[in-house]
Amino acid sequence: MVTQASTSEGRTTPVPAGDGVRRGLVLGGGGMLGAAWTIGALCAVQEATGRGPGRAEVILGTSAGAILGALLAGGVGAEELRDHQRGLPITTGPLAGVDFDYDTAAGGAVPLRPRPGIGSPGLLRDAVRHPREYPWLTMVSAVVPPGRGSVAPVGELIRSLPGLDGPAEGSPLRVVAVDYRTGRRVVFGDQGAPPAEYAEAVMASCAIPGWFAPVEVAGGPYVDGGCWSATNADLMLGRGLDEVYVLAPMALRLHPRGRAEPGRGTLAALREWRERDRPRGVLAQLVSRYRRSVTRQMLREARLLRATGVRVQLLAPTLEDLAVMGPNMMDPARRGEVLETALRTSRAALAGVR
């Protein structure tokens, strides 16, 4: 169990255990294939650190990363996540006997036709009045029609695990969602956030606007935390951490040793990626542009952390990973190959860092 102490800002300061290094783990969003890639990266992180990722003092999850973060906080190991993704029987631990169909949980590779109308008229009104106060994706999320999909299967998975069927209190888990009324980030698990059960918080963080219906938490609608940032790593500031691992399946790996370094050379590296990554088709081009945007945001967040003395390790997909993923991150047919490729590429990246 992680011991935590309250701070004057209402957050909690982790008390280190084991090697004395206070570690944080950021699990970014990325849909079904992003989750598969992240599991491969988690196994590599465990090998590199010699410590299970679930033992991090703070686990911050967004969207698909929130699902994995909850499972880790519930005692599921990286190898168990890997084997469960492979469809192998799990005989011990929290996932023992848990049946979950990853290929159908999200409702398929394409969303249902959304309902007519505007997703959040109030947020749209505020965003038009104060456009500089909101990220571009937050403003877009206000415009898209309400989704018809349901994240209920995700909630059922979380509730089926021992210890995850109640309020998310006293846990290292932090889950990022966006209040669909105000467009502001909410970190479930932090003091001052609306009270929520594990399942409610995770479902809210996974509710992609236009794809899934918003999730009600404490009487208000919430949507995917990725509407603000795919990683939200800046939320690790002020938590008394020494080292933070950021696993970002929607970003690009810019450095051959697995560390996307900010500062000089970053723009050149992004241009190089653009030259090497030649997407075909409208969807592939849009996803490629989004990845570059996510990468720039991740680097800004990492720069803020490093400015406070926190060591930051960034892990993101390589060109080899991206070729396996394809443009549709919800395509279940690619899930197995994405996992196996990530196991290899992430292990190689962290070996280079060591």
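The structure is a predicted model, in which local features need pLDDT of at least 70 and side-chain atom pairs count only at pLDDT 80 or more, while totals for chains, interfaces and linings use all residues. Residues are numbered from 1 along each chain as its sequence is written, and side-chain values use heavy atoms, with hydrogens and water left out.

**Helices α2 and α6**

- Helix α2 spans residues 64-73 and helix α6 residues 152-159; their axes come within 10 Å and cross at roughly 10°.
- The two helices are therefore roughly parallel to each other (angles under 35 degrees, on a scale from 0 to 180 degrees between N-to-C directions).
- Ile67, Ala70 and Leu71 of α2 make the contact with Val154, Leu157 and Ile158 of α6 (contact means heavy atoms within 4.5 Å).

**Buried side of α6**

- Val154, Gly155, Leu157 and Ile158 are the buried residues of α6 (buried means under 20% relative accessible area, with a 1.4 Å probe and protein chains only).
- These residues cover an arc of only 160° around the axis, which puts them on the same side of α6.
- The buried residues of α6 pack against α2 and α7 (198-206).

**Arg115**

- Arg115 lies in the loop between α3 (78-85) and α4 (121-129).
- Its relative accessibility is 37%, so Arg115 counts as partly exposed (between 20% and 50%).
- Beyond its neighbours within four places in sequence, Arg115 is in contact with Pro145, Pro146, Gly147 and Arg148.
- The Arg115 side chain reaches the backbone oxygen of Gly147 at 2.9 Å.
- Arg115 and Ala213 are 98 residues apart along the chain, and their C-alpha atoms are separated by 9.5 Å.

Conventions
Helices (H or I, at least four residues) and strands (E, at least two) are DSSP runs, numbered from the N terminus. Angles under 35 degrees count as roughly parallel, over 145 as roughly antiparallel, 65 to 115 as roughly perpendicular and the rest as oblique. The arc is that of the directions from the helix axis to the C-beta atoms. A polar contact is a pair of N or O atoms within 3.5 Å; within protein, one must be able to donate a hydrogen and the other to accept it, and residues adjacent in sequence count only if both atoms are side-chain atoms.
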